[in-house]
Amino acid sequence: MSLPEARYQRQMQLPRFGAEGQARIGAARVLVVGCGALGTVVCEQLVRAGVGSRGGSGSGSLTIVDRDTVELSNLQRQTLFTEQDARRGVPKAEAAKARLAQVHSTAVVRAFVDDLHAANALDYAKRCDLIVDCLDNFETRALLNDCAVALRLPLMYGGAVGLTGMSAALLPHGEGVHAAFGGSVGWSDARTTPCLRCLMPDLPAPGEVASCESAGILGATAGIVASLQAGTALRLLAEGAEHVPAQLVRFDLSSLRFESVSLAGARDASCSCCMARRFAALESPHATAGCRVVCGRNAVEVHLGGALGEEEFARLESRLRGAGVVASSLHGGTRLVKVDLSAQGEGPTGISVLAGDAATLAIVDGTRDLEQARATIARWIGV
Ligand SMILES: [Zn+2]
């Protein structure tokens with residue numbers, strides 16, 4: 001047995017996995033959006049299972065998109081991060097990539113410190129075969145659903161809050177342009193499922209549903225949902241869609257009840273997305289990059305634009321030096337500048353600027369007021 005085979009031997013013994021299934025896993029390009037409670041567990045399971053390991057003829061990869069930095073309150077459930085990551089405020093996507101490199105040194109993992117919005121979502125989605133939704137808000141979920149339907153890509157939906165969770169592999173109806181990008185998961189029209197909008201035609205507005213912030217969450221709840229997402233994704237890749245049942249699984253750890261609901265025939269014939277092919281989230285001006293409260297923290301994130309060149313970054317850094325104590329560090333491909341504003345009196349306590357390969361973001365700490373955050377950015381960064 002060759003070395004790569006020895007590594008994956010336990011899962012290659014499973015029905016329909018084998019060397020061929022393992023090669024398909026290795027060749028797949030998987031996009032994970034959100035690297036928190038769900039995303040960290042999903043990424044770890046996928047990389048350990050061989051995603052991005054170049055096990056096949058193609059060049060597989062795992063792409064992680066997340067806009068946040070690691071905080072102490074994340075460590076209770078976000079399994080790839082350490083106390084050191086939280087102390088240093090490392091961007092989650094870069095911290096996850098660094099940890100995954102220790103787990104699997106030859107796996108191809110790409111980290112993007114970026115905010116998924118209407119203008120960039122399709123670019124990320126086009127370069128993958130399968131999407132895993134590890135998000136914490138329905139606004140961005142709607143965007144991912146639009147991408148999955150438009151490109152006919154499998155979407156692993158997952159949601160977890162408190163002691164309850166839900167997961168489903170959604171295989172959208174429609175033509176799509178998937179084949180043009182060499183996608184590796186195919187399915188027949190008979191095997192299509194509802195899209196997320198069929199299941200939730202009026203996606204809840206921010207603040208309308210319980211969140212981890214308002215209702216709390218047990219790490220185990222997220223772990224179960226993430227395992228369902230990763231397990232279904234690996235089965236779709238290795239075995240093919242015809243072997244994976246069209247079921248939505250939901251559970252409640254308080255009653256220890258698990259139920260599985262069939263998605264067969266549950267498509268909404270009047271769905272605006274997968275039937276009428278109107279992609280409201282992709283076309284919404286509100287879904288463009290901007291300014292939003294960071295889920296679960298007293299902070300606002302402001303999108304400053306695309307990647308910065310060396311000179312632009314140096315100018316930004318020198319402007320920030322006028323604001324207070326500045327700490328600069330490099331994490332993978334992302335430069336992080338932290339400014340302590342606590343000596344400035346009332347108002348925001350700090351700014352972190354994350355300058356990555358795809359975008360430049362600022363997180364303003366100590367406020368949930370968008371206008372105050374914008375004013376802080378205008379004052380210290382000048383945009
Ligand atoms: Zn639909």
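A: The cover over the buried residues of α3 includes α2 (9–12), α4 and α11 (219–239). Helices (H or I, at least four residues) and strands (E, at least two) are DSSP runs, numbered from the N terminus. Residue numbers start from 1 along each chain as its sequence is written. This is a predicted model, in which local features need pLDDT of at least 70 and side-chain atom pairs count only at pLDDT 80 or more, while totals for chains, interfaces and linings use all residues.

Q: Which residues of α3 are buried?

A: A residue is buried if 20 or more other C-beta atoms lie within 10 Å of its own, exposed if 12 or fewer, and partly exposed in between, with C-beta atoms placed from the backbone. In α3 the buried residues are Gly-21, Gln-22, Ala-23, Arg-24, Ile-25, Gly-26 and Ala-27. The helix covers residues 18–27, and because 7 of its 10 residues are buried, the rest of the structure largely encloses it.

Q: How many helices and strands does the protein have, and in what order do the strands of the open sheet stand?

A: There are 14 helices and 14 strands in the protein. Two strands pair if DSSP finds at least two bridges between them. Here 8 strands form an open sheet with mixed pairing, in the order β3-β2-β1-β4-β5-β6-β7-β8. Its edge strands, β3 and β8 (257–262), each pair on one side only. From one strand to the next, the twist averages 15 degrees.

Q: Which way do the residues of β1 point, and why is β2 described as largely enclosed?

A: Arg-29, Leu-31 and Val-33 point one way from β1, Val-30 and Val-32 point the other way, and all are buried. Thus 5 of the 5 residues of β1 are buried, and the strand is mostly covered. For β2, 6 of the 6 residues are buried, so the rest of the structure largely encloses this strand. Ser-61, Thr-63 and Val-65 lie on one side of β2 and Leu-62, Ile-64 and Asp-66 on the other, with both faces covered.

Q: Which strands does helix α4 lie across?

A: Two residues are in contact if their C-beta atoms, placed from the backbone, lie within 7 Å. Axes are lines fitted to C-alpha atoms, for helices over the stretch in contact, and angles run from 0 to 180 degrees between N-to-C directions. Helix α4 (residues 37–49) lies across β1, β2, β3, β4 (130–133) and β5 (155–161), at about 170 degrees to β2. Helix α8 (residues 138–151) also packs on the sheet, where it touches β1, β4, β5 and β6 (164–170) and makes about 165 degrees with the direction of β4.

Q: How is the protein divided into domains?

A: Domain bounds come from an automatic or database domain assignment. The division gives domain 1 (3–286) and domain 2 (290–380), whose C-alpha centres lie 29 Å apart. Domain 1 gives 21 residues to the contact and domain 2 gives 20 residues. On the side of domain 1 that touches domain 2, the elements giving two or more residues are α6 (92–103), β3 (109–113) and α10 (212–215).

Q: What does the protein span along its principal axes, and what share of its residues is buried?

A: The C-alpha trace spans about 60 × 50 × 45 Å along those axes. Of the 383 residues, 49% count as buried. Among contacts between residues at least 6 apart in sequence, 69% join residues at least 24 apart.
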